[in-house]
Amino acid sequence: MPTPTTTRRYPPGEGLPHARSYAAEHGHLAVSKHTRRHGFALGRWLIQQRRKARAGLLSARTLQELTLLDPWWNPPWPFAWQRKYHQHRTLHATGQPLPPELQRWARKQTTLYPQLHPHQQALLSTVDIRPDAPADEAPCVECDGKTSESDHIELFFPPCR
């Protein structure tokens, strides 16, 4: 027998101040479902707002406000992609190294680039991810992200992959 699920009902607009605060600090609303803001379950609230928006049940005021805070708060592509993009963007902006998982994600985006939504492509271009380069110029994402496959060959090193 399936376990019944309960969904908390939030008063209209209750989450907007928390969404504003989060977006002001982080520049986006691509939060995990477990994200809390000042004790408020922001992640779960945003999931509900996305569901309402897809069903055409979200108030015009809330839709407008969320869209002003983050135009891609409810993207037409998988939300997991949006979260990875923001993780990558944050590290890219601060010059921090990408963990292997995000390196693989970025490499996959270069391969899938032609199949992505044009707005996804535009977002990727802001973090210097472009369509796949020719094989001899492709960066090796397993090492420093700057060494090309041809450099490995010239240096008599096998590819890192």
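Trainee: Let's start with L66: does it count as buried or exposed?

Mentor: L66 counts as buried, because its relative accessibility is 0%. Buried means under 20% relative accessible area, exposed is over 50%, and partly exposed lies in between, with a 1.4 Å probe and protein chains only. Keep in mind that this is a predicted model, where local features need pLDDT of at least 70, side-chain atom pairs count only at pLDDT 80 or more, and totals for chains, interfaces and linings use all residues. Residues are numbered from 1 along each chain as its sequence is written, and side-chain values use heavy atoms, with hydrogens and water left out.

Trainee: OK, and where is L66 found?

Mentor: In helix α3, residues 60-69. Helices here are DSSP runs (H or I, at least four residues), strands are E runs of at least two, and numbering goes from the N terminus.

Trainee: What does L66 touch?

Mentor: Leaving out residues up to four places away in sequence, L66 touches L16, A19, L29, W45, L46, Q49 and W73. Contact means heavy atoms within 4.5 Å. Q49 is 17 residues from L66 in sequence, and their C-alpha atoms are 9.3 Å apart.

Trainee: How many residues does the largest nonpolar core have?

Mentor: It has 15, and L66 is among those with the most contacts inside it, as are W45 and W73. A nonpolar core is a set of buried Ala, Val, Leu, Ile, Met, Phe, Trp, Tyr and Cys residues joined through side-chain atoms within 4.5 Å.

Trainee: Which elements give two or more residues to this core?

Mentor: α1 (16-26) and α2 (42-54). The largest share, 4 residues, comes from α1. There's also a second, separate core of 11 residues, including L116 and I129.

Trainee: Switching to packing, at what angle do α4 and α5 pack?

Mentor: About 110°, with the axes of α4 (residues 79-94) and α5 (residues 100-112) 11 Å apart. Axes are lines fitted to C-alpha atoms, for helices over the stretch in contact, and angles run from 0 to 180 degrees between N-to-C directions. So α4 is roughly perpendicular to α5; that label covers 65 to 115 degrees, while under 35 is roughly parallel, over 145 roughly antiparallel and the rest oblique.

Trainee: And how do α4 and α6 cross?

Mentor: At roughly 15°, with the axes of α4 and α6 (residues 118-125) coming within 11 Å. α4 and α6 are therefore roughly parallel to each other. W81, Q82 and Y85 of α4 make the contact with Q120, L123 and L124 of α6.
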